Amino acid sequence: MTGSDAAPHGVEHVVLAPEPAQDSWWSAYATALDGSGIGAVSRAVIEADAEYIVAHGIFGDGSPSDEWPSSRVRRGLVMGAVQSGKTASMMAVTAKALDRGVDAVVVLAGTRTALWLQTFSRLVEQLDTGPGRARRRLLVPRRSIATGEELPGPVSELYGVAPGAASRALDLGRPLLVVAMKHAVHIEQLARSLHQRFYPLTAGRIEPFHVLVIDDEADDSSIVDASLEGSPDDLSVQRKQIPRRILDLWEDRRQPGRTANDRLYATYLAYTATPQANLLQDDGNPLAPKDFVASLRTPGTEGDPEVRTPSYRVPEGVTGWYTGGEIFYRTMDGIPLCVPTDDVADDDLVPDALRAYLVASAVRVGRRPGILGPATARNRVFGSKAEAQAATDVMSMLIHPASAKDVHFEVADQVVAWSIGERTDLPVGNPADEAGHRWLRRDGVEQDITLHPDRWLRWLESYGEAAQFVNSAFDPPEPRRVPSSDRWDEIRTIILDEIVPGTAVAVINSDENADDRPEFGPWQDAQGWHAPRNLSTIFVSGNVMSRGLTLDGLSTTLFTRRSNAPLADTQMQMQRWFGYRGKILDLCRVLTTSDQISLFAQYDQNDEALRRDILEAMRTGDRTPDFTILQGKDFRATGKISGLRSEPLFPGDHPFVRHMNPAEDDPNLALVADLFGSDDLVVGSVNAPRGLLLKQTYGLMETADLLDRMRYRDHGDDGLSAERGRWASLAHHAGLPSTFRLYRAPQVPHSVDLGSASPYVMAAYLRFWSECLTRRVPGVVSSDDPPVRWNLVDLGARRELQPRFRVGLRFGGGDPLTDGPLARLGVPVRPMERSLVGNDMHASWGSRNRTDDGIVGDELFDRAAPESRVTLTDDGARRPGSDGLLLFHVVRRESGRATIALGASIPRGGPDHVRARR
């Protein structure tokens, strides 16, 4: 079980579960995990996370009863990481839920047949085990389909259940276990079977019937976008069809919004590594995660497995780590693992990536005694599967050129043509290959090595530097060895004799002429066991690689795809180089443009920020807070929700609070009167002053405190403010103590929402700026133009450039005030004449005056100070290092009274981010 103890901010202590009972579903899966090669610590974390999801998610309202929502449905989400092992968690949750008494589990697995059968097969092998399995559950479809003994028949027959079988299962308490393809027709047939065979029987039971629906890759096809509901577009119709079919698994369309009968309870559990669209969809959507959220953990460079943080250390070290964005974009960015291709000629992009792969593969063969090269292994027959596995090392390369399928075939032909070189007597394809695979040839590769030896040697040297880094920084159990340049001839021989003749080129896409799904395991025929068919393969692919397909042994990726409107969730799923690559980490490379590397790195930062939000919600028990979904100035969070708008954190160069108190009651007049006195700097002529300027300046925190002293009759925090959640989220991102609040608006019932045009929002921003000067905050960039990722800025330099704020009081041309706090300042205070709409000024910044420097408006009021530090960019913003300004405006109201408005000039150089909003 899991539980919360006193813990550092943002973490939760995890108590590992006791030993499983014999013959439980969990004991079966625990045995499978034990034999999977996953370390003991990681297995314990998988169990602890599954226990949390079951206890706080599936049974968060207790066992099915009247305490559940009136719909009798609970909806939640689990966030994993790309290629991190979400399926293992799904299996663990399934086992724990069945042991807890769930009556039916439906796993929606894959939108393609191969992915569906892959998950079905894994569930059968790892969970549905033991000689008495037929007496423990009712499995749909038949087990023989999962094991490959039987091909899937017509969809209309896949999910059928005999009436007697359903009745016996219910009478004997045998759970229903279903693995269905996430396709509209498949789900429709499954729903029909449930409604015809099971639900009529459950309606008359005393005990409730609890169905758990686990939706794998839940951001793919399962999102409802309300703005598209009325669209006749074919794509929109398809996007709506699957969510509606999923609801049919527990709803009756004649009574939408609740389960089919009052004894039926349902939990919908969405699994995805990219939950942006799931969390951004309207809360009223029937599959939105309204009731709970959770985030899975991964083994990595830091963290305690008994504390709920994004990662945890494992005793096996780097070989057991999940290698995601932390490794590729931060820890090893100095090598770099992501290699910019901006300076590589277009006609050398593919050849250079091929050189990287061939050198890396040769190093892998040479560094492990007993490993056969792919050419030798292809012609070897092994006595057992274990022998074949021990003698081979799967190696892969991925070229992701575009989404267009015809481009994939063109690039594959280009790869083979390069390997052929100048010879014209060899066809690009290989008619002798029964599988239709293309194969590399020796002639062109040998020719390229002769013509461009420096281009080959630079990869060997790069791998040597990476190996040194891994050895010194990570201390792997087996030190990484890369031959020096003077041993190039050894590597050259392995490349030409073993790697090239044993390397296939395969196209993986949805085209009927594409190659079959990769096979990375040994295979058997009458002769014996053989090396994996894809022992060394260069894959050319596009969109099909972005869902559920893992390339074993992937070392080299060439990503040349371009997008005019990048989508974070889509491109995050394309990062097939993520996974458990620790054994070959020094040999992993991603070749793409510097702009694309920057995008990938920002996606990773935004992903980490969201994960911290979810972990904080798990720690505090806040079921579904208003999560901050970040995007960027040059990319969107998702394309699955239309009408998203971008909302920056930076309040702007010259924000203005136009909202004021009623004339008869303005406590801000007293605040301003307390600030200013007769010894302050008079701006303008003594006889007709434009206003006053304090001689002292304020730091970021002092300015924030001053802004928070402003008071309004109808503006503050009424407990429903979206700003409260946003700034709390930022505090989680920054790792601030739970007692430290960025947003400190006073409690005001029925508050008017001013958005970023609020002094309390400005105060929160300045307070956050101060905190960012001493820490790296994920998802944050600078407010410079162009912005810089905050984890790359020089914090020391930023501290030197942090602004101090001057505070001014702007007069107008009205009659001097003779009553009230401002009448006692010692100078005639003349209010400004401004057009009003209720208690709001119609406009913001006022007059502009000619000076020796040109036209200067009130937003540069502080330039009147002799020691003013203000320099401007070409677009009129204050440069980093400039002073900031708070300028209180005295505005005339009826009956000779006045109220206070506020303008600010905020220098560039502070923190910023862009969040997506519906």
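**Aromatic contacts, sheets and a helix in the predicted model**

With a relative accessibility of 9%, Phe-656 falls below the 20% cut-off and therefore counts as buried. The model in which this residue is placed is a predicted one. Trp-845 has a relative accessibility of 17% and so counts as buried under that cut-off too. Phe-656 and Trp-845 form an edge-to-face aromatic pair, with 5.5 Å from centre to centre and 75 degrees between the planes. Phe-656 belongs to strand S23 (residues 656–657), whereas Trp-845 is located in the loop between strand S29 (840–841) and strand S30 (848–851); the pair therefore ties together parts that are 189 residues apart in sequence.

Across the whole structure, the search returned 26 aromatic pairs. A cluster linked by ring pairs contains Tyr-322, Phe-328, Tyr-329, Phe-559, Trp-577, Phe-578, Tyr-580, Phe-600, Tyr-603 and Phe-635. Arginine side chains are also placed over aromatic faces. Arg-378 lies over the face of Trp-439, 3.9 Å from the ring centre. Arg-744 is positioned over the face of Phe-740, and here the separation from the ring centre is 5.2 Å.

Strand S32 (residues 884–892) has 8 of its 9 residues buried, so the strand is largely enclosed by the rest of the structure. Pairing between S32 and strand S27 (residues 805–810) is parallel and extends over 6 bridges. Within this pairing, Phe-888 of S32 stands opposite Leu-809. S32 is also joined to strand S33 (residues 898–905), in this case antiparallel and through 8 bridges. Val-890 has Ile-900 of S33 as its bridge partner. The hairpin formed by S32 and S33 has 5 residues between the strands, and Ser-895 in this hairpin adopts a positive phi near 60 degrees.

Leu-558 has Leu-591 of S20 as its bridge partner.

In helix H7 (residues 163–172), the buried positions include Ala-165, Ala-166, Ala-169 and Leu-170. These residues span an arc of only 130 degrees around the axis and are therefore on the same side of H7. Their cover includes strand S3 (138–140), helix H8 (184–202) and strand S5 (209–215). Asp-171 and Leu-172 are exposed and lie on the face of H7 turned away from its buried side. Just after the helix, Gly-173 has a positive phi of about 70 degrees.

The protein chain has a mean pLDDT of 90, and 92% of its residues reach 70 or more. Residues 1–11 have pLDDT below 50, although this stretch has 35 contacts in the model beyond near neighbours in sequence. The pLDDT is also below 50 over residues 850–855, where 6 contacts are found beyond near neighbours in sequence. Where pLDDT is low, the predicted coordinates should not be read in detail.

Conventions
Residues are numbered from 1 along each chain as its sequence is written. This is a predicted model: local features need pLDDT of at least 70, side-chain atom pairs count only at pLDDT 80 or more; totals for chains, interfaces and linings use all residues. Side-chain values use heavy atoms; hydrogens and water are left out. Buried means under 20% relative accessible area, exposed over 50%, partly exposed in between (1.4 Å probe, protein chains only). Helices (H or I, at least four residues) and strands (E, at least two) are DSSP runs, numbered from the N terminus. The arc is that of the directions from the helix axis to the C-beta atoms. Contact means heavy atoms within 4.5 Å. Two strands pair if DSSP finds at least two bridges between them. Rings of Phe, Tyr and Trp (its six-membered ring) pair if their centres lie within 6.5 Å; planes under 30 degrees apart count as stacked, over 60 as edge-to-face and the rest as tilted. A charge sits over a ring if NZ of Lys or CZ of Arg is within 6 Å of the ring centre and within 35 degrees of the ring normal. pLDDT is the predictor's confidence in each residue, from 0 to 100.
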